[in-house]
Amino acid sequence: MALWKCSKCGSTKESRCKPKKCPSCGEMETMCKEESMTSGEAKGGCKAQGTCKKKAS
Ligand SMILES: [Zn+2]
């Protein structure tokens, strides 16, 4: 299980796959993977989109 954190509101959510939107603020594409979780379950499963692309202003 991976932990995902919203880059907007800071809310975290446990999920194997990257949440499409934040369950807290509802913002899309703001969930970034938190690497603090243990276990080696990073492989397999869904595509690990570890990078959180912020629009550089
Ligand atoms: Zn959020």
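Visitor: What is the mean pLDDT of the protein?
Guide: This is a predicted model. The mean pLDDT of the protein is 79. Of its residues, 61% reach 70 or more.

Visitor: And what about the rest?
Guide: Where pLDDT is low, the predicted coordinates should not be read in detail.

Visitor: Where is confidence lowest, and where is it highest?
Guide: The lowest is in E3, with a mean of 92. The highest is in E2, at 94.

Visitor: OK, strands then. In what order do the three strands form the sheet?
Guide: The order is E2-E1-E3. The sheet is open, and the pairing is antiparallel. E2 and E3 are the edge strands, each pairing on one side only. From one strand to the next, the twist averages 35°.

Visitor: How many bridges join E1 to E3?
Guide: Four. E1 covers residues 2–6, and the two strands run antiparallel. Cys6 stands opposite Met31 in E3.

Visitor: New topic. Where does Glu29 lie?
Guide: Glu29 is in the loop between strand E2 (12–15) and strand E3 (31–34).

Visitor: What is its phi near?
Guide: Phi of Glu29 is near 55°, a positive value in a residue other than glycine. Most residues other than glycine have a negative phi.

Visitor: Why does Glu29 count as partly exposed?
Guide: Because 17 other C-beta atoms lie within 10 Å of Glu29. A buried residue would have 20 or more, and an exposed one 12 or fewer.

Conventions:
Residues are numbered from 1 along each chain as its sequence is written. This is a predicted model: local features need pLDDT of at least 70, side-chain atom pairs count only at pLDDT 80 or more; totals for chains, interfaces and linings use all residues. Two strands pair if DSSP finds at least two bridges between them. Axes are lines fitted to C-alpha atoms, for helices over the stretch in contact, and angles run from 0 to 180 degrees between N-to-C directions. pLDDT is the predictor's confidence in each residue, from 0 to 100.
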